[in-house]
Amino acid sequence: MIVETGHFALALALALSLVQMVMPVWAARSGDPALRQTTSQAALGAFACVLFAFAALTWAHATSDFSVQNVVENSHTQKPLIYKLSGVWGNHEGSMLLWVLILTLFGACVAGAKNSVPPRLRANTLGVQGLITFVFVLFIITTSNPFTRVVPAPIEGRDLNPLLQDPGLAIHPPLLYLGYVGFSITFAFAAAALIEGRIDAVWARAVRPWTLSAWCFLTLGIAMGSYWAYYELGWGGWWFWDPVENASLMPWIAGTALLHSTVVMEKRDALKVWTVLLAILTFSLSLVGTFIVRSGVLTSVHSFATDPTRGVFILGILVLFIGGSLALFAWRAPLLRQGGLFAPISREGSLVLNNLFLVAACATVFVGTLYPLLLEMLTGDKITVGPPFFNSTFVPLAIPLLLIVPFGQSLAWKRGDLLAASQRLFFALGVALAAGFATLAMTAGGPVMAPIGIGLGAYLLIGSAMEIVARARGYGARRTRSPAIIARRAFGLPRSAWGTSLAHAGVGVVVIGIAAQGWASEGLASLKPGQSLTVGPYVATLDRVAPRQGPNYEEAGAFLTVRNRAGDEVGQVETGRRFYPSRQMTVTESGLLTLGASQVYASLGEAGKDGSIGLRLYYKPLVLLIWLGAVVMALGGALSLTDRRMRVGAPAKAKGRALPASAVAAE
Amino acid sequence: MTRKKRRLILIAVCGSVLALAVGLILSAMSGSIVFFRSPSEIEAQAIPAGTRLRLGGLVQDGSLKRGPGQTVDFAVTDHGATIAVQYTGLLPDLFREGQGVVAEGILEPGNRFRADTVLAKHDESYMPREVADALKKQGRWQEGGAKGPVPAASASADGTLGPRSER
């Protein structure tokens, strides 16, 4: 009964999203503000309905209700409860429901944000959001219904893919979707601005918190996915340039560009049309990502034939939103008043450069991801575009981008002084070069790119710190040398300044982590108990191999002791191979020993006939910095979100006076 | 600085970044793309030794030999032709004789194949897509057979991990 109620709630959500979509149009025609109010209520109602539907599906999974098709295919009575719950979105239907749940959650948040968003903009934004909700709920109900019943109900389910039976599944998809889908709000704001034909700093200020929070979640989601793949797949890589990963990276890059261009718009009332276009592109890339992952086009171009309705439906959604929004853009964008051009050497000039590089980098990922699909459709030739392609396109574009990060931060708005900025960065540059050369000397004969990366990371870290110091020290007459005053001013700086510096420092940390992988090493051997294998600065000895029984699997575990070269024990690692009888599948469970920010990574192979086991060991220096850096970036974003400016609504009067001045400067 | 000059600078910078990106893409396209070939195609076309390829087919029954250390020899077949493959490393969990496999590596003289990566999807019913298509071309594939490709629903069930779970 609960399942049927869930199904009904989903249908109700469909109707409410239709109301949400139509009301703003009606309100605009009749001029009745009460109708506009209905939009918000419909958005809240749609969220409540989808939440109920999601809860109903979760209930079916938690209680192992095998009369539901979705539960039969993805659950098992002996599966631990946490995987029963996370298994709700470990399949196509459930994950689409999660997608819509988050979509309506953001809609409800906008409906509740009464103070920060002007009423007309809010109503129109919710209207566009209603259209997105309507289309996706329709997709779920017609092609991917998670509430389908089975008659007669089987006694046991088929269990969840063992690879997904991991805490990573509980965290990664919700975070990723909060980011992915969060950009739908920015998209809806952009479409609303186009419909109104009016865009200004108020719009930029209203949209910024949504972009920023979506960006933070996406950053965390991607990092979590990367770490999950790293430890789960058993071969020690942390990024594969795999289409599914690229699908989440592309909106992230575009979103990063959007974040920066919104700043220009808010402060200088410029880059309006470009910002609107970026907002459209970012969500379009999220949709392309959803299409790539969900339509089955990756598993096979031909899976359109096995389940044509789904792929074609998503393709239709794609065409509707991307085509529709771009057409709207082409039609209405000329109405938006253009901001002035500005000096190339200025904060906004450097942010434009940042946008250029980010968009170019995004384009290379886009080409590398979609070109093989296109080529196969056109010629039938099957090709793989792997890491070498991305390393030789994405990386050369990322390096100049990273080099201008501290420069941009230390240039003033309107008219910057490149020489003064360079002088201020002289120290950071010096330390970076010293760090690079020192690592080069210490690791002579090693990879060349690694010391360059370390230097670049150090430059970013120190450049970010210098920015805070420089601002606290003050300029011109306010300049001081007193540490007490500097400290006091540093604490008085707006949180968004701290957030920016923290996020940029996070990028530096990631770069150092990636660079250090140049010194990673691996070892492979067949070992009997008592034998050892050397990897990097450590020696691992196999102590014993022992079987174990898990709740829904059998495991052969290998236990290793890791010692340093001097022979002192530094820790223990265990790795295993789990056999899941319900799916007849074997999964390698890798073992990790964390030593500071570095890790020793063990992965178990097959057992030989002579009692030996195959074992692969990796030494991954500073590998944790890759993910910790991403966490620092997200923290920086979160800190910016708490800035006073984000909570206060429309800009103050001073903003209005600043405009003519900037117009003069632009001449 | 005049308005015109500023606009020119903006256009020049945009143009050069765009040109850089296009140049990088084109140069990488010519150098780092790997083609997929089935054993029959390798037999039929004289592919020069040293070419980097993806070889896909079924692991021939009875061909798997474990050498010294972690070196393994096996043969990949599409029932039309057979190519001997050597690989050093841990085989993926679902590597079995008679099952589909994709190996990436270098073609050596005498049509021997030295693989550095072996992929087999982590799913009991999965057949790598390229292999399924190659077998279809050979007429050795029955749609919806016991080893048929998984329907879109369960294929995308592990969509969160995607094809990298092949490894």
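Q: Is B:His79 buried, exposed or partly exposed in this predicted model?
A: Count C-beta atoms, placed from the backbone: 20 or more others within 10 Å of a residue's own means buried, 12 or fewer means exposed, and in between means partly exposed. B:His79 has 14 other C-beta atoms within 10 Å, so the class is partly exposed.

Q: Where does B:His79 lie in chain B?
A: Phi of B:His79 is near 70°, a positive value in a residue other than glycine. Most residues other than glycine have a negative phi. Helices (H or I, at least four residues) and strands (E, at least two) are DSSP runs, numbered from the N terminus. B:His79 lies in the loop between β4 (71-77) and β5 (82-88).

Q: Is A:Leu271 buried or exposed?
A: Phi of A:Leu271 is positive too, near 60°. This residue sits in the loop between α9 (243-268) and α10 (272-294) of chain A. Its C-beta neighbours inside 10 Å number 24, so A:Leu271 counts as buried.

Q: Which peptide bond is cis, from A:Val151 to which residue?
A: Most peptide bonds are trans. Here omega is near -5°, and the bond is cis.

Q: Why is chain A as compact as a globular protein of its length?
A: Chain A has 21 helices and 10 strands. The globule rule is 2.2 Å times the number of residues to the power 0.38, and the radius of gyration is taken over C-alpha atoms. For 667 residues the rule gives 26 Å, so chain A is as compact as such a protein, with a close value of 27 Å.

Q: What share of chain A contacts between residues at least 6 apart in sequence join residues at least 24 apart?
A: Two residues are in contact if their C-beta atoms, placed from the backbone, lie within 7 Å. A:Val100, for one, is in contact with A:Val50 and A:Ile140, among others. For chain A, the share is 74%.

Q: What pLDDT do local features need?
A: Residues are numbered from 1 along each chain as written, chains are lettered from A and ligands numbered from 1 in written order. In this predicted model, side-chain atom pairs count only at pLDDT 80 or more, totals for chains, interfaces and linings use all residues, and local features need at least 70.

How values were computed: Lists of a residue's contacts leave out its neighbours within four places in sequence.
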